[in-house]
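Hi everyone, thanks for coming. Please have a look at the sequence and the model on the screen, and then I'll walk you through a few places in it.

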Amino acid sequence: MSALVDQDPEPLTLGPLTEFSADTIAGTTLTHSGSIIEIPFSEDVSKAGGESGGLTLTENISVSVDGVDVTDRYTLDADGSSDGQVVLSSSTAVDPRSTVRVAIDAVNDSLDTETIEPGSIDVTTASATIREDAGSTNGYEAETLAFLATDGSADLDQSFEVEDESGSFVFAGTTGPGSQLFTVDTSARNWSGGYAFTTLLDDGTRDRTVDLTLRTLELDVAIEDRNVTTADEIEGTITANSADRTVELAIRDSESTVVERRNRTLGGNGETPFAFDDSTLASVGPGNYTVAVTDAGSGASTASERIRVVDADERRTSFRIATVEEHAGDVVEFGVDLRYAETATVTIGSPEAGFRANVTVSDDGDGAVDVWFNTAAAVDVDDLPADGGDVFGVGAAGEGEGGSDDTIVAADIDPELTLSETIDPSEYPLAVRPGDDPTAPVEHTGTLLVHAAAPTGLTNLVAPSGTDVSTRDDLSAAIDSGRVTDAPAVAVGDVVVHRIVSPGLAGAFANQSGTSTEAFFALAGTDADSSRYSLNLTRHTSASNEGQHRLELTEENATVVADTANDTYFVAYDSDRISGFEAGDSLTASFAVNQTGPYSDLDGDGRTLTDDYALVAGAISTAADPVVVANATNQSIAGMTNAAPGTELELRIRSTDETEPSFLKTVRAVVGADGRWSATVDFDDQAVGDGFVVTSAVDVVSPVDELLVDGAVRAVLPSVTTETANVTTEALGGGSGGQSASNGRDGARGGSADRSDGSDRDPARTATAVPDSDTQDDESILESTTGFVGGVLGTFIDNTGEESLRSRLLGFDVLVSLGALTTVALFAARRE
């Protein structure tokens, strides 16, 4: 019999032990894949004193996790008898933070001549595996990774090298005898970004490459409510950009002492909710706490913002205002303040009041909830959905869904105390308490005062032609800029706005769908069973002697902007787009509520509002005809118009044919609240004696009625009595528009016509004071003449009142006049 010869004369050694997970590995059939432990020996091994392949669990190999023997969880899938690789597998995954140890006893080489010293060996736990055959894979920064050579060709003692994403060499290594694994601690190597692992053949040529991308885990924790009591839970959500990872949660106090810890596994979307129940806080008491979260695989960690915990006795709820007032049929709004409370339950009414309802609200964390109660929607309702339906809501009434992050979580109406008709004007008690139990003790009380509803105001307003008042923002901007004003008379083409104030409509309005215009006119009509009001225009005086004409405003010819919080509705339309009316007509706008709902007790007079206005033809005039300016800067051309205040008009100032050089100036002016307009023009480049014509362009003035007024440039503006032109509803006086005047400008422009529209735009007459002749009785001729000359030289200024003409406006004709006056003064002096 021949002697046995040791084919591997090197001493029997044990390589690094690794715990990892994989579905398969080349060369070994795995029983389980949850946890795999590789135990690499440098050569074939056997049980001491036995034959090759005789290793067994428990007798030769045992496994412990965090000090607990878990050998029975594992199966021996490879015994190392042929290549020294021992592989164990288990269906139970191991937390990467755990301490794993393998105890080895009585293990010899295959000839039973060398023995591994018995003992317990630490196992490196990998949180992710990089397979040689993966092509590409992802990992996370700070993880310990296991590189697995598993293409089925000489995978043991596999050589490889690593390059970074730029192609630079990082290091080269080998899995070692009896091993297919090499572990990489990315935290210790400070790795981030991309890397390539390439296996090498025996001759040094490249075999396979797997690309690794290291990502940041982006671990985060959000706490639902950071102000809680000792009777509350701490709830939150953990998020990361990886699924199915094990994380540790720990509540720490202000000194970083761990109060409680537990593990959670991230879901398939990388999130998981958590909650520490009220017993946790009750045991540790008030204070400041944080929730720390640590990823088991990478060690990445994060902590929540500070959580303030107070004694449960400090939890409070209250009404922001104790007494709330509203009209029957409207939407009641009130505020609830919460201190260390997530929910609050409000009760409206009582058995004595004849109505009672409860609503529970959940705060979004800011400690304040705005609640609304629709008194109209509550009629004939005895069962409510949990979200309050149309009766209760949060946020500002009318904002719709998404207007608030607070929510209604429960609502009910006492079936024995419902509303069979509109809520009665009366006092209704309010009560609030923390939590969701309407029978819990009340912490704060208040009162809801419901008033009787009735329409209170209808005002006719006007805005310039083309003004957009279709939204609340547009309307508010127009009002703030003075472009929406009272309107006793409206030029055809301007925008008419009826401002209606009518408490009692907001509840029904809120229950309508669509735009404000659609909602408003959905409630309009004369049928008391299906509508709430009507809005009509009636002609009672006609310029063409036609009979009475009535027009109902609808969504086809008008738009509506609603301010339900203030019971106000703005109905707007273009005055030139309503059929059956024309300039010269006197109109009455009528708003009447039907005798139903909150208005059932009103008589006819109390249900109707009216306001009158006149439709007039657009007109414009200048303050003087002809227009006289000085050859200076900042010259004013002014006048009047019946276009709506805020209207922007254009003036074109063109030189006459005989003026050389010719000129054309275009300026704009804005109509003031009193109908006056004024434009500033520079004439410093023009010569004394130049002539021009002023024309205008106003949206509501017809082309034949636009300005066509002569003008002249003078050295000194005359000091004479002037009359401001009067714009009437039918004709113009003074410097009026109208292109019937001759081109020679010497024809009469027509006298003023009486106003027939009731407008308050009365003509304003201004005159320069002329000294009374009696005041000069005691003056000498010399003194009078001297004073007159001084006035000519010193006080004749342009109409800006800022600059003397003495330095710049002495034309030839003025010098002649001054010379004559000087002669008279000298003659008078000699006489004396």
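Let me start with a question: which Phe, Trp and Tyr residues form one aromatic cluster? They are Phe147, Phe160, Phe171, Phe182, Trp191, Tyr195 and Phe197.

Before I go on, a word on where this comes from. This is a predicted model, in which local features need pLDDT of at least 70 and side-chain atom pairs count only at pLDDT 80 or more, while totals for chains, interfaces and linings use all residues. Residues are numbered from 1 along each chain as its sequence is written, and side-chain values use heavy atoms, with hydrogens and water left out.

Now the overview. The protein has seven helices and 59 strands; these are DSSP runs numbered from the N terminus, with at least four residues of H or I for a helix and at least two of E for a strand. Of its 832 residues, 45% count as buried, and buried means under 20% relative accessible area, exposed over 50% and partly exposed in between, with a 1.4 Å probe and protein chains only. Take the contacts with a separation of 6 or more: residues 24 or more positions apart account for 67% of them, where contact means heavy atoms within 4.5 Å.

Back to the rings. The structure holds 19 aromatic pairs. Rings of Phe, Tyr and Trp (its six-membered ring) pair if their centres lie within 6.5 Å, and planes under 30 degrees apart count as stacked, over 60 as edge-to-face and the rest as tilted. Phenylalanine 171 is in strand S16, and tryptophan 191, 20 residues apart from it, is in the loop between strands S17 and S18. Both residues are buried.

Another pair is phenylalanine 520 and tyrosine 569: their ring centres are 6.0 Å apart and their planes are at 40 degrees, so this pair is tilted. It links helix H4, which holds phenylalanine 520, to strand S46, which holds tyrosine 569, 49 residues apart. Phenylalanine 520 is buried with a relative accessible area of 0%, and tyrosine 569 counts as buried at 1%.

Which residue lies over the face of phenylalanine 171? That is arginine 189, at 4.2 Å from the ring centre. The rule is that NZ of Lys or CZ of Arg is within 6 Å of the ring centre and within 35 degrees of the ring normal. Likewise, the charged end of lysine 665 sits over the ring of phenylalanine 683, 5.6 Å from its centre.

Next, a sheet. Five strands form an open, mixed sheet in the order S50-S56-S55-S52-S53; two strands pair if DSSP finds at least two bridges between them. S50 and S53 are the edge strands, each pairing on one side only. Inside the sheet, S52 and S55 run antiparallel and are joined by six bridges. Glutamate 650 stands opposite alanine 697 in S55.

Last stop: alanine 22. You'll find it in the loop between strands S1 and S2. Is alanine 22 buried or exposed? It is buried, with a relative accessible area of 8%. Alanine 22 touches Leu30, Ser33, Ile36, Arg131 and Leu148, leaving aside residues up to four places away in sequence.

Thanks, and I'm happy to go back to any of these spots.
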